[in-house]
Amino acid sequence: MSVLGWDYGTGNLVAARYKGENIEISSIRNNYILISPEDLMISEVSNTNLDYIEIYENDKLKNIAIIGRDAFIFSNVFGKKVLRTMKSGVVSNDDMASLDVITGICKKLVGDDEQEKDLCVFSMPAECADNP
């Protein structure tokens, strides 16, 4: 069993895990833009280093979420506003895709191995600094 340290932040998601004697830290900006599959096909992004998540509804591709730093770059290309998965320390209800996107980002950071049993230690959000 390994130990996973996890921080869900409004700006970043960060995971830390012991790998032997070293600590491996992974992080990604906690933001995204949604692109319709009609505007950008999976075949166009699957062979790139682009960070993205496929969002399905009823087994049909509904959206492609470009995540992290790439979301900032592509927001200008597609003329879209960068969205955040969290707001005031909780999952944002501004966009129904937020929960799907944050789940996908988590899987990208720590994997999706149901056989591996990790002890997860996570941070609790403090009182919101910008909303007294």
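In this predicted model, a handy place to start is the pair E57 and K62, whose side chains meet in a salt bridge, with 3.2 Å from N to O. The count of salt bridges comes to 1. How buried or exposed are the two partners? E57 is partly exposed, since its relative accessible area is 43%, and K62 is partly exposed too, with a value of 42%; both figures lie between the 20% under which a residue counts as buried and the 50% over which it counts as exposed.

Four strands make up an open sheet, and reading across it gives the order β3-β2-β1-β10, with mixed pairing. The edges belong to β3 (22–29) and β10 (118–122); each has a single partner strand, so one side of each is left without a neighbour in the sheet. Going from one strand to the next, the twist averages 20 degrees. Strands of a sheet pair through backbone hydrogen bonds, and they can do so in parallel or antiparallel fashion. Both kinds turn up here. Strand β1, residues 2–8, runs parallel to β10 and is joined to β10 by 5 bridges, and V3 has L119 in β10 as its bridge partner. On the other hand, β2 and β3 run antiparallel, with 8 bridges between them, and L13 stands opposite I28 in β3. The hairpin formed by β2 and β3 has 2 residues between the strands, and G20 there takes a positive phi near 70 degrees.

Next comes the helix that sits against this sheet. Helix α3 (residues 98–110) packs on the sheet and touches β1, β2 (12–19) and β3, its direction making about 25 degrees with that of β2. With 13 residues, α3 reaches 18 Å from its first C-alpha to its last, close to the 18 Å expected at 1.5 Å a residue. Which residues of α3 are buried? They are S98, V101, I102, G104, I105, C106 and L109. An α-helix has 3.6 residues a turn, so residues three or four places apart point the same way.

C106 is found in helix α3 and is buried, because its relative accessible area of 13% falls under the 20% cut-off. C106 touches W6, Y8 and G111, leaving aside residues up to four places away in sequence. W6 and C106 are 100 residues apart along the chain, yet their C-alpha atoms are separated by 9.6 Å.

That leaves the nonpolar interior. In soluble globular proteins, nonpolar side chains tend to be buried together. The largest nonpolar core here has 18 residues, of which Y32, A65, I67, V101, I105 and L109 touch the most other members. Two or more residues of this core come from each of β1, β2, β4 (31–35), β5 (52–57), β6 (60–67) and α3, and α3 gives the largest share, 5 residues. As for A65, its contacts include Y32, I33, L34, D51, Y52, I53, I55 and V101, again not counting residues up to four places away in sequence. There is also a second, separate core of 9 residues, with I35, Y52, I64 and A71 among them.

Notes. Residues numbered from 1 in each chain as written. Predicted model: local features only at pLDDT ≥ 70, side-chain atom pairs only at ≥ 80, totals over all residues. Heavy atoms only, no water. Pairing = 2+ DSSP bridges. Axes fitted to C-alpha atoms, helices over the stretch in contact; angles between N-to-C directions. Contact = heavy atoms within 4.5 Å. Salt bridge = Lys/Arg side-chain N within 4 Å of Asp/Glu carboxyl O. Buried < 20%, exposed > 50% of the residue type's maximum accessible area, 1.4 Å probe, protein only. Expected span 1.5 Å × (residues − 1). Core = buried A, V, L, I, M, F, W, Y, C linked by side-chain atoms within 4.5 Å.
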